[in-house]
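This note sets out points for a colleague who is reading the structure shown below. The points begin with a local question and then move to the wider arrangement of the chain.

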Amino acid sequence: MAEDNVIARGGAESARAPEFDAVIVGAGFGGMGAAIELKRQGVTNIAIVEREDDLGGTWHVNHYPGLAVDIASVTYSYSFEPNPYWSRLFAPGAELKRYAEHVADKYDLRRHMTFGEQVARAEWDETNSMWRVFSEDGTERTARFLLTATGFLSQPRTPDIPGIKTFAGKVIHTTAWEDGHDFTGERVAVIGTGATAVQLIPEIAKRAAALTVYQRTAIWVVPKVDFAIPRAVQKLFARVPATQKAARLVNTAMLELLMVTGVLHYKQFKLGNKGAERLAKAHLRNQIADEELRAKLTPNYDFGCKRPTFSNEYFATFTKPNVHLETSSIVKVDPDGLLTADGEKTEIDTLVLATGFDLWDTNFPAFEIRGRDGKDLGKWWRAERFQAYEGITVPKFPNFLTLNSPYSYSGLSYFTTIEGQMRHIARLLGEFKRRGAVTFEVTDDANTRFLDDVTRRLESSVFYRGDCSTSRSYYFNHAGEATLLRPRSTPGTLREMATFPLSDYEFTR
Ligand code: NAP
């Protein structure tokens with residue numbers, strides 16, 4: 001039921017009032033961060049709609065063996081909700097899921113959440129200045145604000161390899177992991193060598209009788225300096241939060257250096273990028289003596305074109321007698337195995353798809369969204385370039401905040417993106433309330449200015465200055481543009497999100 005709230009009522013006396021102040025689609029860390037900020041701003045009548053059966057987003061969906069964060073946990077968490085009790089520098093996935101549950105409880109978010117409901121489309125209702133949000137099951141909600149927090153890596157990609165449907169054994173995508181599945185003694189194939197595969201492959205290799213890894217594109221892997229955090233340190237973090245804050249600061253600064261010099265300012269700091277590449281090559285040399293195998297595992301594109309990974313076990317796994325790296329391309333899947341272009345057939349029992357996610361076809365946006373005059377967001381992005389002002393709002397889409405949009409990803413930890421967006425929401429809604437507004441909408445000019453700025457800044461990045469032609473990186477869309485990352489330092493992003501000119505928005509009463 002709608003609560004008595006200034007924002008829900010707005011100034012439109014004669015128009016129909018929406019049922020909710022805000023509908024948030026997605027109950028992962030992005031959606032929860034947005035809900036926390038909305039509540040701080042007095043927007044309390046919120047519905048959070050989640051397609052999965054529980055909260056946590058990525059950290060609910062993914063539970064494959066070996067899953068852990070690859071950004072140190074002191075940084076990969078909300079700055080305003082530190083967890084002193086991470087068991088390791090890089091916490092295992094299950095701890096992230098528990099942390100998500102803790103946040104939901106502490107900030108009283110669960111009562112807003114509906115699970116197992118997939119939003120199908122949303123449209124702006126001009127007459128009533130509200131969003132109409134429709135779910136696959138026929139549920140309709142109306143809201144003053146619509147926020148999408150549907151994730152970047154949330155639409156699993158299943159490869160369309162000929163014959164894959166005829167495979168007689170088990171097929172497991174990493175996002176649909178079967179916890180009970182025992183690989184002991186099995187002949188297993190893993191397709192893919194991205195960040196997921198890098199964590200998973202060493203785990204499967206411990207049990208499988210034979211493991212064949214099908215690699216299409218090699219990945220840069222650097223050492224992971226990981227260790228258990230002693231109880232005494234956890235207690236110190238709990239008793240003196242400033243100590244954990246200091247640890248966060250140091251770690252975030254190191255990540256920032258890597259991101260800014262290695263990726264965003266490749267033109268100016270090529271040496272930083274090449275240094276990271278040398279580190280990864282030395283890591284490979286230390287673990288693999290066989291020159292031919294090493295050559296196969298060495299990427300032929302610049303470091304940073306694709307998200308680099310961190311592992312101490314990945315390369316070494318390929319030296320085990322039960323593990324084979326296959327670089328010949330897959331021609332087809334038969335009921336009993338995989339055939340490669342070199343004519344070799346490998347018989348297997350289980351096929352693991354570590355084939356990642358579709359960002360540019362079924363995501364951006366994750367469902368149909370129509371703004372003013374029926375403008376279709378997905379079609380517009382594809383026709384007119386992917387764009388979003390400050391990575392969060394779009395002209396002709398009033399009262400809409402798109403949290404996983406082009407140029408929104410800032411820094412290496414996703415929490416930087418979330419907290420920047422929370423600042424943007426605070427400033428925008430603060431002004432909205434001050435004016436007693438009914439709608440906000442970013443101006444065309446502001447949007448174009450932001451797009452021009454990020455386009456210019458990206459010219460210095462490894463994406464355009466380096467050699468990414470063979471990387472097959474999901475950072476690039478179909479038009480060959482790298483429209484995912486915001487080309488700014490983390491402090492720069494956070495500052496901009498808290499100080500953007502209010503004149504970049506039009507408010508109506
Ligand atoms: P990904 O990086 O997109 O990797 C997918 C892999 O599957 C690639 O090696 C790709 O090869 C391969 N592949 C896809 N279709 C194929 C086909 N038809 N034939 C052969 N190979 C195919 O996906 P991901 O590993 O799931 O990782 C996605 C992102 O999730 C990461 O970049 C990271 O941001 C995040 N992640 C984070 C963590 C963490 O923090 N702990 C862990 C896992 C993932 P090509 O490269 O040739 O396309």
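Which residue in β14 does V333 stand opposite?

1. The strand pair. The model is predicted, and in this model V333 stands opposite L338 in β14. The two strands concerned are β13, residues 330-334, and β14, residues 337-340, and they pair in the antiparallel sense over four bridges. D334 faces G337 of β14. Two residues separate β13 from β14, and the two strands form a hairpin.

2. The next strand. β14 is also joined to strand β15, residues 345-347, by three bridges, and this pairing is again antiparallel. L339 has K345 of β15 as its bridge partner. β14 and β15 form a hairpin with four residues between the strands, and in this hairpin G343 takes a positive phi near 90°. As a general point for reading such strands, side chains in a regular strand alternate between the two faces of the sheet.

3. The domains. The domain assignment divides the protein into domain 1, given as 2-155 + 359-508, and domain 2, given as 164-224 + 267-301 + 311-353. The C-alpha centres of domain 1 and domain 2 are 33 Å apart.

4. The extent of the domain interface. How many residues of domain 1 are in contact with domain 2? There are 19 such residues, and they touch 16 residues of domain 2. Interface size is often expressed as the accessible area lost when the parts come together. For domain 1 and domain 2 this buried area is about 1600 Å², with 51% of it on carbon and sulfur atoms. On the side of domain 1, H63, Y64 and P65 lose the most area to domain 2, and together they account for 32% of what that side buries.

5. Zero salt bridges are counted between domain 1 and domain 2. Seven residue pairs are in polar contact between the two domains, with both residues at pLDDT 80 or more. By class, the side of domain 1 that touches domain 2 comprises nine nonpolar, six polar and four charged residues.

6. Salt bridges in the model. The count comes to 38 salt bridges. One of them is formed by D70 and R307, with the closest N and O atoms 3.1 Å apart. This pair links distant parts of the chain, since the two residues are 237 residues apart. D70 lies in the loop between α3 (58-61) and α4 (93-106), whereas R307 lies in the loop between α9 (291-296) and β11 (309-310).

7. Backbone details to inspect. Is the peptide bond from F364 to P365 cis or trans? The bond is cis, with omega near -5°. P365 belongs to the loop between β16 (350-353) and β17 (368-370).

Technical notes:
Residues are numbered from 1 along each chain as its sequence is written. This is a predicted model: local features need pLDDT of at least 70, side-chain atom pairs count only at pLDDT 80 or more; totals for chains, interfaces and linings use all residues. Side-chain values use heavy atoms; hydrogens and water are left out. Domain bounds come from an automatic or database domain assignment. Contact means heavy atoms within 4.5 Å. Buried area is the accessible area (1.4 Å probe) that two parts lose on being put together, summed over both. A salt bridge is a side-chain nitrogen of Lys or Arg within 4 Å of a carboxyl oxygen of Asp or Glu. A polar contact is a pair of N or O atoms within 3.5 Å; within protein, one must be able to donate a hydrogen and the other to accept it, and residues adjacent in sequence count only if both atoms are side-chain atoms. Ala, Val, Leu, Ile, Met, Phe, Trp, Tyr, Cys and Pro count as nonpolar, Asp, Glu, Lys and Arg as charged, and the others, Gly among them, as polar. Two strands pair if DSSP finds at least two bridges between them.
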